[in-house]
Amino acid sequence: DALQSPEGPHSRILGNAPVIERLRETIANIADTDVDVLLIGETGTGKELAARCLHDFSSRREGQFVALNCGAMPEQIIESELFGHEAGAFTGAAGKRIGKIEYADKGTVFLDEIESMPLHIQVKLLRVLQERTIERLGGNAVIPVDIRVIAAAKIDLARACQEGGFREDLYYRLNVVPMRMPPLRERREDIPELIQHFLRQSVDEGLPWKTIDGLAIERMKAYSWPGNVRELENLVRRLAALYSQDNIGVEVVEAELAGAGEERPSEQPSNSISEA
């Protein structure tokens, strides 16, 4: 069973919340297909982790996993990054350059924050998705590419289409298999397991072993986690690195969360139970 195998998504995506069980099941079911996937979730929910699972548990695992953050790149650069260019295609293009899509041939392209992709490049990406070919900037050759595309967005792309910020035809082409990445506040019962995982990772990186007492864990379960799992990971690493005591109490956690700018704890769902 790919879902439960040591090399399956169960080994990468931790937690026992129903939303996480469903996520792992979806990954196991579609990983070894070529369908394009759209991951939707807030910052820090693990979209790249899910994309890597889809690649690593597929027949494309021997190919490249090429990640590009569309929101972290100037508009004048992103086109060349995606499609490559020929020598002389623009000022400063001294030689031919292979783009991310061509480099990912036989593998997977992960386009993070795709909502930030300029509209004129969305048109070109749609053509790639439909025809599985690219043209380098400044070139005439049509180059076939064998790729799977996984896109990720932290906003509602359907609404972005209505507001004119995203092409509707590209949205429908990407949205073959939509996967929602749940925020941490919807899976609070997983927080103790995640804390232990990040504590073990800290030890592997040379930090001293720490324990976190029950009240402190309950306080962390009640927090709203606007930065999601990434914020929890950062907090656990900070606790391991900065505090001399072996056992971290609730006062330390309160001080750290207050430093994060939280005004008050969010209400904890009544059905939340500890899996620790």
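This is a predicted model: local features need pLDDT of at least 70, side-chain atom pairs count only at pLDDT 80 or more; totals for chains, interfaces and linings use all residues.
Local features need pLDDT of at least 70 and side-chain atom pairs pLDDT 80 or more, while totals for chains, interfaces and linings use all residues, and side-chain values use heavy atoms, with hydrogens and water left out.

**Whole chain.** Colour the protein chain by secondary structure: there are 11 helices and nine strands (DSSP runs, numbered from the N terminus: helices are H or I with at least four residues, strands E with at least two). Of its 276 residues, 47% count as buried (under 20% relative accessible area with a 1.4 Å probe, protein chains only).

**Ser-58.** Next, select Ser-58, in the loop between α2 (47–56) and β2 (65–69). Is Ser-58 buried or exposed (over 50%)? Its relative accessibility is 3%, so Ser-58 counts as buried. Now show its side chain, which reaches the backbone oxygen of His-55 at 2.7 Å. Leaving aside residues up to four places away in sequence, Ser-58 touches Ala-31 and Asp-32 (heavy atoms within 4.5 Å).

**Two helices.** Finally, select α8 (residues 191–204) and α10 (residues 228–242), which pack at an angle of about 50° with axes 9 Å apart (axes are lines fitted to C-alpha atoms over the stretch in contact, and angles run from 0 to 180 degrees between N-to-C directions). Show the side chains where they meet: among them are Phe-198 and Leu-199 of α8 and Leu-232 and Val-236 of α10.

How values were computed. Residues are numbered from 1 along each chain as its sequence is written. A polar contact is a pair of N or O atoms within 3.5 Å; within protein, one must be able to donate a hydrogen and the other to accept it, and residues adjacent in sequence count only if both atoms are side-chain atoms.
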